[in-house]
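Hello,

Here is the structure I promised to pass on to you. Have a look at it first, and my notes follow below.

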Amino acid sequence: MTDEDYMREALTEAEAAARRGEVPVGAVMVNPKTGEIIARSGNAPIALDDPTAHAEILCLRDAGYALGNYRLSGMTLYVTLEPCTMCAGAISHARIGRVVYGAQDVKGGAVHNGVRFFDQPTCHHRPNVSGGVLAGDCSERLKSFFKARR
């Protein structure tokens, strides 16, 4: 499978989150050696009454459970929106090998926007990052969601 294929899987999770009334962000964790998706999730802070329940955080937790390890070295995380500072910190601590995101988040993103977390000298681990994969589709999901709510 390609980056686009995995991002489509993350978009499926984002769509499920939107149906639950959550901001449509989805994530999947992939073992690049096998191509297997080992975890998937969508945003759930409302449903879980948990401000940390971003798609990335839930995906990291599920991947850790699945692998029996809090270190997710070498794994690839696909997420439909540029990670925020909280998620970037968790990605760094988990030692994710690669992050692939769809839409940029000029206001809340922390990878190529905002604090640029992985560029900071205090960052423990810097994954390889690819942004803009299916950015149009990812951005459109978010725009449609917020437009319908206004």
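Leaving aside its neighbours within four places in sequence, which residues is E13 in contact with? They are G26, A27, V28, R40, S41 and G42, where contact means heavy atoms within 4.5 Å.

Before going further, a word on what you are looking at. This is a predicted model, in which local features need pLDDT of at least 70 and side-chain atom pairs count only at pLDDT 80 or more, while totals for chains, interfaces and linings use all residues. Residues are numbered from 1 along each chain as its sequence is written, and side-chain values use heavy atoms, with hydrogens and water left out.

Back to E13. This residue lies in helix α1, residues 3-19. At 15% relative accessibility E13 counts as buried; buried means under 20% relative accessible area, exposed over 50%, and partly exposed in between, with a 1.4 Å probe and protein chains only. E13 and N43 are 30 residues apart in sequence, yet their C-alpha atoms are 8.4 Å apart in space.

Now the overall picture. The protein has five helices and five strands, and along the sequence they follow the pattern α-β-β-α-α-β-α-β-β-α. Helices (H or I, at least four residues) and strands (E, at least two) are DSSP runs, numbered from the N terminus. Along the principal axes, the C-alpha atoms fill a box of roughly 40 × 30 × 30 Å.

Buried residues make up 46% of the 150 residues. Among contacts between residues at least 6 apart in sequence, 58% join residues at least 24 apart.

What follows α4? The helix is followed by R95, which lies in the loop between α4 and β4. R95 has a positive phi of about 65 degrees although it is not a glycine. Most residues other than glycine have a negative phi. At 23% relative accessibility, R95 counts as partly exposed.

R116 is another residue other than glycine with a positive phi, near 50 degrees. R116 lies in the loop between β4 and β5 (128-130), and at 40% relative accessibility it counts as partly exposed.

Finally, the aromatic rings. A search of the whole structure finds three aromatic pairs. One of them is F145 with F146, an edge-to-face pair at 5.2 Å centre to centre, with 80 degrees between the planes. Rings of Phe, Tyr and Trp (its six-membered ring) pair if their centres lie within 6.5 Å; planes under 30 degrees apart count as stacked, over 60 as edge-to-face and the rest as tilted. F145 counts as buried because its relative accessibility is 10%, whereas F146, at 33%, counts as partly exposed.
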